[in-house]
Amino acid sequence: MMIILLSHASIPLIKMPLKNVHQLEGQFDRSWFPIAMAGNTYTVQLFFVIGGLLLAVNVLQQTKDSATVGVAYFINRVKNRLIR
């Protein structure tokens with residue numbers, strides 16, 4: 001999860017040309033570019049945070065209803081997500 005978040009946070013740097021510094025600075029002079037890059041990055045990170053929060057809520061609900069949460073529960077959750 002951390003690798004995905006860090007790679008999405010560094011997408012603006014990955015897509016930037018590194019050989020020509022003036023071209024790199026020129027990208028940020030455009031008004032839409034920083035907004036678009038930040039918007040994409042934050043949207044993906046927010047998606048992962050909400051997904052993790054929902055998974056945590058589901059696990060906590062399951063532990064409240066049942067005494068144990070085993071591997072079968074997680075396999076069932078993954079299967080449910082793949083079907084959706």
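Leu-46, Ile-50 and Leu-54 make a nonpolar patch of about 280 Å². Patch residues have over 30% relative accessible area and no salt bridge, and nonpolar side chains (Val, Leu, Ile, Met, Phe, Trp, Tyr) are joined within 5 Å. A salt bridge puts a side-chain nitrogen of Lys or Arg within 4 Å of a carboxyl oxygen of Asp or Glu. Areas are Shrake-Rupley values with a 1.4 Å probe.

A word on the source. This is a predicted model: local features need pLDDT of at least 70, side-chain atom pairs count only at pLDDT 80 or more, and totals for chains, interfaces and linings use all residues. Residues are numbered from 1 along each chain as its sequence is written, and side-chain values use heavy atoms, without hydrogens or water.

Now the fold. The protein chain has 5 helices and 0 strands. Helices are DSSP runs (H or I, at least four residues), and strands are E runs of at least two.

Ile-50 sits in helix H4, residues 32-65. Across the 84 residues of the protein chain, 10% are buried. The protein chain exposes about 6,900 Å², with 69% from carbon and sulfur atoms.

Next, the record. An unreviewed UniProt entry lists residues 42-60 as "transmembrane region". Such annotations may be inferred rather than shown by experiment. In the model, residues 42-60 are 100% helix, and their end C-alpha atoms lie 27 Å apart.

That's the picture: a patch made by Leu-46, Ile-50 and Leu-54, with Ile-50 in H4.

Conventions. Buried < 20%, exposed > 50% of the residue type's maximum accessible area, 1.4 Å probe, protein only. Patch = residues over 30% accessible without salt bridge, like charges linked within 9 Å, V, L, I, M, F, W, Y side chains within 5 Å.
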